[in-house]
Amino acid sequence: MNAYWSTVDTPVGAFTAVVDAEGVVLASGWTADVTDLASLVASELRPDTLVRQTDLGAVTKAVSRYHDGELDAVDGFPVRQRSGAFLRHAWDVLRTVPPGSPVTYSELAALAGRPAAVRAAASACARNAAALFVPCHRVVRTGGSLGGFRWGLDVKQWLLDHESSFGHEH
């Protein structure tokens with residue numbers, strides 16, 4: 001299976017997305033290293049060949065529009081990830097967390113229907129291959145500290161500040 005990738009410059013660094021032949025996001029994040037990014041894709045979805053493209057069409061436009069302040073530009077894009085039922089559900093729930101309204105790992109677990117599953121909620125964030133499209137950056141620790149983020153805490157802080165600065169309704 002072929003997958004297609006492109007890297008664009010953003011105010012917070014290079015952002016690369018990998019999509020399948022149907023334009024479904026398999027992996028994305030703030031890196032220029034497509035090999036590391038592709039390694040995050042579940043083995044049964046991992047492409048045989050990565051084909052570089054200058055532009056991924058709607059995905060590339062959405063990433064640029066998001067970074068320019070249109071925070072809902074990445075909403076609704078199809079994403080394909082594989083894992084257990086709880087992680088898949090938690091990823092879906094993450095996509096409902098509005099920009100500018102971060103939740104804690106405990107709140108994510110409760111929103112996903114398993115309030116005691118705080119570690120599993122944190123695992124959903126850690127194992128998310130489709131950063132931005134599945135906005136794991138919107139999850140923080142109780143008390144407001146950032147917690148972790150695969151792409152660096154400076155990127156996570158920038159994203160949270162970016163989202164809060166646009167005054168979206170919560």
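1. Arg80 is partly exposed, with a relative accessible area of 27%; in this note, buried stands for under 20% relative accessible area, exposed for over 50%, and partly exposed for values in between (1.4 Å probe, protein chains only). The model is predicted, so that local features need pLDDT of at least 70 and side-chain atom pairs count only at pLDDT 80 or more, while totals for chains, interfaces and linings use all residues. Residues are numbered from 1 along each chain as its sequence is written, and side-chain values use heavy atoms, with hydrogens and water left out.

2. Arg80 forms a salt bridge with Asp20, and their closest N and O atoms are 2.4 Å apart. The term salt bridge denotes a side-chain nitrogen of Lys or Arg within 4 Å of a carboxyl oxygen of Asp or Glu. Arg80 sits in the loop between H2 and helix H3 (85–94), and Asp20 in strand E2 (residues 13–20), so this pair ties together parts that are 60 residues apart in sequence. Helices (H or I, at least four residues) and strands (E, at least two) are DSSP runs, numbered from the N terminus. Asp20 is buried, at a relative accessible area of 7%.

3. A salt bridge also joins the side chains of Glu22 and Arg80 (3.4 Å, N to O). Glu22 belongs to the loop between E2 and E3, and Arg80 to the loop between H2 and H3, so the pair ties together parts that are 58 residues apart in sequence. Glu22 is exposed, with a relative accessible area of 62%.

4. Glu163 and Arg138 meet through their side chains in a salt bridge (2.9 Å, N to O). Because Glu163 lies in helix H6 (residues 153–164) and Arg138 in the loop between helix H5 (118–126) and strand E6 (139–140), the pair ties together parts that are 25 residues apart in sequence. Both Glu163 and Arg138 are buried. Through shared partners, salt bridges join Asp20, Glu22 and Arg80 into one network. The search of the whole structure finds four salt bridges.

5. The protein is divided into domain 1 (2–68) and domain 2 (85–167), with bounds that come from an automatic or database domain assignment. The C-alpha centres of domain 1 and domain 2 lie 20 Å apart. Their contact (heavy atoms within 4.5 Å) takes 17 residues from domain 1 and 16 residues from domain 2.

6. About 1,400 Å² is buried between domain 1 and domain 2, and carbon and sulfur atoms give 76% of that area. Buried area is the accessible area (1.4 Å probe) that two parts lose on being put together, summed over both. In domain 1, Trp30, Leu40 and Tyr66 lose the most area to domain 2, together 47% of what that side buries.

7. No salt bridges are counted between domain 1 and domain 2. Strand E3 (25–29) and helix H2 (58–67) each supply at least two residues of the side of domain 1 that touches domain 2. E3 gives the most to that side, with five residues.

8. Gly143 is placed in the loop between E6 and H6. At 83% relative accessibility, Gly143 counts as exposed. Gly143 and His89 are 54 residues apart in sequence and 25 Å apart in space, C-alpha to C-alpha.
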